[in-house]
Amino acid sequence: MTLSADVTCRELGLLRHGQRVLDDITCAFRPGELTAVVGPNGAGKSSLLQVLAGVLDASGGTVSINEQPSQSIPAAERARLCAFLPQSELPSWSVSGADLVALGLLPWGRVPDRDERVRTALERVDGKDFAQRPVTQLSGGELRRVQLARLLVGQAPLLIADEPTAALDIRHQLQLLQTLRGIADSGKTVVLALHDLSLAARYCDRVLLLEGGRLRAQGTPRDVFTPAMIGEVYGVSCEFRWRDGEAEFVVFDLI
Amino acid sequence: MPPEDSVDRAPARATRWLGLLVLLAAMPVAAAERIASLNLCLDQLLLDWVDHRRIVSVTWLSANEHYRRAPLPDHVTLNRGRAEELLSLSPDLVLAGQFGAGRAAARLQELGMRVVIIPDAYNLAQLQEQLQALGTELGESAELLHQARRLERILQQPVPGEPVSAMILSANNITYGSGMLEHELLERAGFRNLAAGTAEGAGEQLRRVMLEEVIAAEPQLLVLYGGEQAFALAHLAARHPVIRRYVDSGRVFTLPAELGFCPALVAADVLEALKQKRESLVR
Amino acid sequence: MFDNNKIALGLLAGALPLALVAALLSGPVNIDFAAALQQGWRSENSDAVILWQLRLPRALLAILVGAALGMGGAAMQGMLRNPLAEPALLGVSSGAALAAILLLYYGLAWQSGWWLPLLAIGGAFIAVLSVWLLAGRGASASRLVLAGVAINAFLSALMALALNYAPSMFAMQEIVFWLLGSLANRGWDQLLLALPFILAGGLLLFASRNYLRALTLGEATAVSLGFGGRRYPLALLLGIAAAVGAAVAVAGTIGFIGLVVPHLVRPLVRQDPARLLWASALCGALLLLMADIFVLNFVGAQELRIGAVTAFLGAPFFFWLIVSARRGGAL
């Protein structure tokens, strides 16, 4: 079993409905790294994540995982390599929280310590109480945490989550990023789409800044999040205060 | 329009034949020479038993493949039971049944045409009356007379003793009770109709019967109502595997479909065939 | 609560043999049940013939058809991610019936062998594929029902048209059968005709159970969980078509089983769309068998159509679903 995932994208392009939503993206995601994909609305963050997760097929370029072209990996094996949480994922049946989390174990077939894993995953998102509750009765943020537990429950070395912090309160946002930080530190490759630049700056090792489907900048948050770059891409002025490489706080204003 | 053409041509052909007819035909002077029918059964009787040259019109149903027994003669016009259709043909005798086309018959009568209502037959006595009524109107048609006498002769024969049990299984699981002509034919042929006079007293007319009732009654002869070969779920019961054992042992008799809509046509044949069947079962 | 569910399912499973016995005892003729049972299936005795050749195949056919419809409904709801999906409501049964009608009335006879279920399955497959493509995946309830009603109306009209021109005197009256279904006059031959296809459909659906589970979270997540590619929806569509098509070929379209049953048993399997398959099969079998017992004991001049009985149960249920959806908004 592969325990780490080294992901490389070369000249990635994607056409949807005749529109170029991704163009010439070359980047890499290494084990142990927590990467944030940021950018304004419509920049192509979700599309990039879906191509990485194999949900969408790229129109050009390649994604390879551990040097193997992603498309040549059998679907079942890829599911064990990569876990994905889409931006919106409404469950169609009101299963219990624990049952929803257990769906994350599907790629592994029968798992002997299933219940134990589910409980641990729920604990990591502070969601023990949701185990027996029907998911349709959970609030948006509570459901999101259960879905994250679904992402964490498996053993995939590559985790991709599209705006995992959306709908979470501030406490659970911090808690979640800390959890994901810990997971990355344990040697997994974690890719998130984030809107909150301060969270990205504080927790992530690397940042990809997308604009109009193209990769505008990549590197450490400190390299990418310069007032000039943020001003150009988002049209806002900003000020980052750094301490020990981590952003302590960020102030934004409209230009 | 084909119907009008044939209307035009029919009198021309008829006049051509008329000379011959007057010379050759040994028919009474009073007998009608241009007969039209407003009733499916009477259509069939005319077509089967009366000289085709005397028929000018039958109902459109008789052209239907379900009812047609032989190709229709070219000169016969099809009518849909409307008075004006027949007026232009100027028949000298219009035959109508008891039901259906009554309005057209009344209208034709008002217009001075000779309309005769032939009563329907629901039992053997009525059947004989029907043939008699037809005979007086059509004159001494050789075939009609022959058929009437034949039925009379068969009915005069004694009913065979020790009845053999029988049951009718018709389309849609329908069986025939004691009020029906089919029942009478069975009894006359020496069978005992098991669907007649059951304890509930429900055996007088048509009745729905489930297959297991047929099996439980254990008739010695199973009588099916035949005719149609095309697929219909209505015939599903008759095709059930439990019926196959009756078919395999030859204990099945199939009534002709004509018995359903025109019993006079086949009653004598059916009676004779049923008697033969009984003989083969008793032996 | 979990244990209560298991007990409830156990009770349902236990009720099935009881209902089977009740069905074998139902009928206009009083038979000596014990003696008939002893005489065995080859006996020529009329009681034994009634039991083994008439009542048993009919009851088993009710179980088989009910199971196929229940399972088909559960699979359709899971596939379309919509609790209003049902084979008869959305035209899948009509597709099968239309194909069967074209074969039976214009082609070969009833004993035409394997062509009948095969063609009916083909018709069902085309219908369910159309629903799937037209309504899309994860379509809103209203869009799904609209697409389904359109397909169903179109196919029903074609059925009526086909029977209208069929060369049979009974063709028009038989529209009623094809629209409401019937188990009357069925024997072992029809049971054996449908059995292999319904079993094959059941196996296909069973093989698709994890795909149905993954679909709980939507198509994108299902793909990421390893269920990408066309073979998963194809297996599911084929499984539904095989189960429903073969059932319709021998019993006509019987509605609402596939709607009511998955709803009733979903709480018992904790909403799991995979275990819902077999639980719906069990409950569908039980429901249709009980409906047939009602039909058998119903006194009337005409045979009560079994589809009418299930519609009596199902139509109010459908209304209730719509009303509760309007109130709760969680359909």
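1. Confidence. pLDDT is the predictor's confidence in each residue, from 0 to 100. This is a predicted model, and chain C averages a pLDDT of 88. In that chain, 93% of the residues score at least 70. Among the elements of chain C, helix α13 (residues 275-297) has the highest mean pLDDT, at 95. Helix α14 (residues 306-328) of chain C has the lowest, at 82. For the model as a whole, ipTM is 0.91 and pTM is 0.86.

2. Which chains touch. Two pairs of chains touch, and the pair B and C has the most contacts. Chain A and chain B do not touch. Their nearest C-alpha atoms are 41 Å apart. Chain C has contacts with chain A and with chain B.

3. The A–C interface. Here 24 residues of chain A are in contact with 20 residues of chain C. On the chain A side, the elements that give two or more residues are α1 (45-53), α2 (75-81) and β6 (82-85). Helix α2(A) gives the most, with four residues. By class, this side of chain A has 15 nonpolar, six polar and three charged residues.

4. The B–C interface. On this side, 27 residues of chain C are in contact with 22 residues of chain B. Four elements of chain C give two or more residues to the side that touches chain B: α3 (46-80), α4 (92-106), α7 (174-180) and α8 (188-207). The most come from α3(C), with six residues.

5. Chain A, overall. Chain A holds nine helices and twelve strands. Its radius of gyration is 18 Å, which agrees with the value near 18 Å for a compact globule because the chain has 255 residues. The C-alpha trace spans about 50 × 40 × 35 Å along its principal axes. Of the 255 residues, 46% count as buried. Take the contacts in chain A with a separation of 6 or more: residues 24 or more positions apart account for 64% of them.

6. Chain A, annotation. UniProt lists residues 7-237 of chain A as "domain: ABC transporter", in an unreviewed entry. In the model, that span is 35% helix and 27% strand. Its end C-alpha atoms lie 33 Å apart.

7. Chain C, overall. Chain C has 14 helices and zero strands. The radius of gyration is 20 Å, close to the 20 Å that the globule rule gives for 331 residues, so chain C is as compact as a globular protein of that length. Its C-alpha atoms fill a box of roughly 60 × 55 × 35 Å along the principal axes. Of the 331 residues, 57% count as buried. Among contacts in chain C between residues at least 6 apart in sequence, 80% join residues at least 24 apart.

8. Helix α12 of chain C. This helix covers residues 257-265 and is mostly covered. Seven of its nine residues are buried. They are C:Ile257, C:Gly258, C:Leu259, C:Val260, C:Val261, C:Pro262 and C:Val265.

9. Is C:Val128 buried or exposed? C:Val128 counts as buried because 32 C-beta neighbours lie inside 10 Å, where the cut-off is 20 or more. Leaving out residues up to four places away in sequence, C:Val128 touches C:Val92, C:Leu237, C:Ile240 and C:Ala241. One of these, C:Val92, falls in α4 (92-106) of chain C, an element that gives two or more residues to the side touching chain B. By contrast, the C-alpha atoms of C:Val128 and C:Ala19 are separated by 32 Å. Those two residues are 109 residues apart along the chain.

Terms used: Residues are numbered from 1 along each chain as its sequence is written. Chains are lettered from A and ligands numbered from 1 in the order in which they are written. This is a predicted model: local features need pLDDT of at least 70, side-chain atom pairs count only at pLDDT 80 or more; totals for chains, interfaces and linings use all residues. Two residues are in contact if their C-beta atoms, placed from the backbone, lie within 7 Å. Ala, Val, Leu, Ile, Met, Phe, Trp, Tyr, Cys and Pro count as nonpolar, Asp, Glu, Lys and Arg as charged, and the others, Gly among them, as polar. A residue is buried if 20 or more other C-beta atoms lie within 10 Å of its own, exposed if 12 or fewer, and partly exposed in between; C-beta atoms are placed from the backbone. UniProt positions are given in the numbering used here, feature names are shortened, and annotations may be inferred rather than shown by experiment. The radius of gyration is taken over C-alpha atoms; the globule rule is 2.2 Å times the number of residues to the power 0.38.
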